[in-house]
Amino acid sequence: MGSMEASTAPENGAAAAGGGAACNGAGPVSNGGGVERRLRSSTASASWAAHLPLEVGTRVMCRWRDQKLHPVKVIERRKGLSSSSPADYEYYVHYTEFNRRLDEWVKLEQLDLETVETDVDEKVEDKQGHEELDAASLREHEEFTKVKNIAKIELGRYEIDTWYFSPFPPEYNDCPKLFFCEFCLNFVKRKEQLQRHMKKCDLKHPPGDEIYRCGTLSMFEVDGKKNKVYGQNLCYLAKLFLDHKTLYYDVDLFLFYVLCECDDRGCHMVGYFSKEKHSEESYNLACILTLPPYQRKGYGKFLIAFSYELSKKEGKVGTPERPLSDLGLLSYRGYWTRVLLEILKKHKSNISIKELSDMTAIKADDILSTLQSLDLIQYRKGQHVICADPKVLDRHLKAAGRGGLEVDVSKLIWTPYKEQG
Ligand code: ACO
Ligand code: ZN
């Protein structure tokens with residue numbers, strides 16, 4: 001199952017080009033530590049009206065939802081509906097201190113025109129979070145994805161504000177809200193279309209095999225080759241919350257692990273991760289997402305832990321695909337810290353990085369960088385040595401936050417992917 005009935009929404013999924021799964025967001029939660037910008041006050045402030053409408057690229061202070069002024073750069077502008085006055089434009093702005101997910105359309109009255117700065121050189125802060133892209137790809141990425149195309153989605157019980165651009169087929173662009181079937185992930189433009197679809201859709205859980213069930217939590221493994229439309233729809237949906245995700249990968253090459261909370265109405269997706277069927281680089285996870293209404297409840301850590309349990313069953317070490325987003329890095333750092341320090345506590349540090357890697361399936365580089373960032377590594381006689389004082393370990397463990405939901409390995413019924421035929 002999982003492919004659409006042509007009659008309900010012929011425009012879905014199938015038309016997508018590729019729609020793959022190797023992703024990644026970028027940028028810190030807040031770029032706050034970055035460059036403190038001093039905006040020069042315009043000497044021509046009295047005649048600020050002369051600036052209107054503001055040019056794309058203008059820098060100005062903007063009142064944000066915290067009611068404070070923050071520096072922004074104008075990314076795009078559009079005319080207001082009613083008149084042709086230059087004061088009627090709306091501006092799509094990027095808050096240079098914050099992640100791109102907070103980019104938004106603002107009205108003129110939110111901007112402090114006294115602070116308008118035009119023709120400024122590219123500033124370093126715009127590159128933050130994109131260190132791993134070269135200038136040309138960065139420009140291309142930003143040009144193509146500069147304005148969020150879909151503002152909201154409805155999925156199951158939730159209406160969710162989106163974070164980033166997603167390359168839906170053109171007929172969906174500038175649709176203020178998309179309605180998703182929470183089971184097959186087909187999407188339509190109008191509520192009535194969704195209601196009609198829900199009467200016909202006979203899925204009550206993701207397609208594919210249920211490989212884990214513990215209490216009300218279930219994990220489904222979906223093969224992108226067997227369920228192409230589902231895989232593509234999932235990618236369109238996920239991209240709304242992931243900044244970097246290259247779409248030229250084919251979903252055929254991926255498995256999708258979809259985590260659900262189940263009740264008598266069905267299995268409701270809370271998040272997922274994708275995994276290449278074969279990875280040259282020992283990636284055990286391509287993209288990870290917890291849907292916003294379910295975030296900060298431990299599902300992210302559960303998904304990460306699950307990806308390492310699969311690696312253990314494969315007898316391989318694994319690492320997430322790079323670059324990691326700000327939230328991805330925080331979640332991984334937290335997971336690695338907790339897992340590694342729990343072991344170090346028990347073994348009183350008489351353990352090597354190789355042994356830690358064998359026990360956890362965490363790649364040695366990630367172990368080294370985690371322990372180095374906690375200052376637990378010394379370099380002696382050409383070798384990295386772990387130095388772990390129990391009190392220091394406890395302090396770091398406390399700082400690493402809550403443990404999250406545990407994966408009960410006894411409930412995982414799974415064999416590694418094998419090409420059929
Ligand atoms: N602010 C500060 N810290 C945060 C935040 C936040 N908004 N969100 C997560 N964290 C940190 C915290 O340390 C948290 O632990 P704590 O709650 O005990 O303090 C830890 O990360 C993980 O929390 P979880 O509840 O287990 O994770 P969650 O279910 O929220 O999912 C995830 C984390 C998947 C990264 C989620 O934020 C998400 O989907 N983000 C959008 C997509 C994304 O960026 N994915 C990663 C891209 S990289 C890649 O795919 C390889
Ligand atoms: Zn459906």
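**A sheet and a helix pair, talked through**

Modeller: Helices H4 and H5 lie oblique to each other, and keep in mind that this is a predicted model.

Biologist: At roughly what angle do the axes of H4 and H5 cross?

Modeller: H4 covers residues 299-314 and H5 covers residues 326-347. Their axes come within 10 Å. Angles that are not roughly parallel, antiparallel or perpendicular count as oblique, so H4 and H5 get that label. The crossing angle is roughly 60 degrees.

Biologist: Is the crossing of H4 past H5 left-handed or right-handed, and which residues of H5 make the contact?

Modeller: H4 passes H5 in a right-handed crossing. On the H4 side, the contact uses Lys301, Ile304, Ala305, Ser307 and Tyr308. Those of H5 are Ser331, Tyr332, Tyr335, Trp336 and Arg338.

Biologist: How many residues of that H4 and H5 contact are nonpolar?

Modeller: Two residues of the contact are polar and two are charged. The nonpolar ones number six.

Biologist: Which residue in E8 is the bridge partner of isoleucine 153?

Modeller: E7 spans residues 152-155 and runs antiparallel to E8, with four bridges joining them. In E8, the partner of isoleucine 153 is isoleucine 160.

Conventions: Residues are numbered from 1 along each chain as its sequence is written. Chains are lettered from A and ligands numbered from 1 in the order in which they are written. This is a predicted model: local features need pLDDT of at least 70, side-chain atom pairs count only at pLDDT 80 or more; totals for chains, interfaces and linings use all residues. Side-chain values use heavy atoms; hydrogens and water are left out. Two strands pair if DSSP finds at least two bridges between them. Helices (H or I, at least four residues) and strands (E, at least two) are DSSP runs, numbered from the N terminus. Axes are lines fitted to C-alpha atoms, for helices over the stretch in contact, and angles run from 0 to 180 degrees between N-to-C directions. Angles under 35 degrees count as roughly parallel, over 145 as roughly antiparallel, 65 to 115 as roughly perpendicular and the rest as oblique. A crossing is left-handed if the near helix is turned anticlockwise from the far one by less than a right angle, and right-handed if clockwise. Contact means heavy atoms within 4.5 Å. Ala, Val, Leu, Ile, Met, Phe, Trp, Tyr, Cys and Pro count as nonpolar, Asp, Glu, Lys and Arg as charged, and the others, Gly among them, as polar.
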